[in-house]
Amino acid sequence: MPIFGFQYRSDRFSLGASFRRGLAFSDRTKINIETTNIDNINASQSIELDSVATSSNLNQESNPATYSLGLAFRPFSALLLSSDLIYHQGKKLNNGDTKLLRTINASFGVELGSGAFGLLLGVMTNRSMLESIKQDTIGPAVHVDFIGYSGGIIIRSKSLEASFGGLIQQGKGESKIVNTSDEIQEVEAMTSHYFVSARYNF
């Protein structure tokens, strides 16, 4: 998907904004869900869910846009503060029913250290773009708002910069994952992601 934006940078301050419009909605994510006390059933399972249900009514030419605004400030060489604000436009079907909700998410990060090593810490929100589950919703379906925490390290040399870290998201919400029950279950969910990146200066 194309991303359009701009960035302003100075020695201690940077500001950027971007706009993008996706080409597809569907994304499958595996999450661990634990539910208890559902019609006297205890269930713990990992499931894969479409983050957005497939629908032929969605117009690919008017997919929801994402706008982001980022700010970074380095008060001194060993400390970098950064923050992002992300707005997802949302999407309605031709009949006016909401398919994707408008959401605003935010993140805040800190980089500590200079020279050969650095420490990365961050916190973020990840609100669900799916509507809250209704009694007549056909499962499986999940609506969970997450809060994520990240950490990592940076290793630098004259020609190479490498980063290693991970992100854990935890959230509470509601679901319909027990096919034999019409009840809406309360759930706790968790996802984890890990990253490795490197940059080499020739």
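**Entry 1: the model.** I am working with a predicted model.

Entry 2: I looked up the second largest pocket. Its volume is about 830 Å³. I then asked which residues are closest to its centre. They are A72, L80, S82, D84 and E111, out of 35 residues that line this pocket.

**Entry 3: the lining.** Which strand gives the most? It is strand 9, with 7 residues. I also sorted the lining of the second largest pocket by class. I found 14 nonpolar, 15 polar and 6 charged residues.

**Entry 4: strands 5 and 6.** I turned to how the lining strands pair. Strand 5 and strand 6 run antiparallel, and 9 bridges join them. The two strands form a hairpin, with 2 residues between them. I followed A72 across to strand 6, where its bridge partner is S82. Both A72 and S82 are among the residues closest to the pocket centre.

**Entry 5: strands 6 and 9.** How many bridges link strand 6 and strand 9? I found 10 bridges, and the pairing is antiparallel. I followed D84 next. Its bridge partner is S107, in strand 9. D84 is also one of the residues closest to the pocket centre.

Notes:
Residues numbered from 1 in each chain as written. Predicted model: local features only at pLDDT ≥ 70, side-chain atom pairs only at ≥ 80, totals over all residues. Heavy atoms only, no water. 1 Å grid on protein atoms, 1.4 Å probe; cavity = no way out; pocket = protein on both sides within 12 Å on 5 of 7 lines; lining within 4 Å. Points joined across faces, edges and corners; volume = space filled by probe spheres on them. Helix = DSSP H or I, 4+ residues; strand = E, 2+ residues; numbered from the N terminus. Nonpolar A, V, L, I, M, F, W, Y, C, P; charged D, E, K, R; others polar. Pairing = 2+ DSSP bridges.
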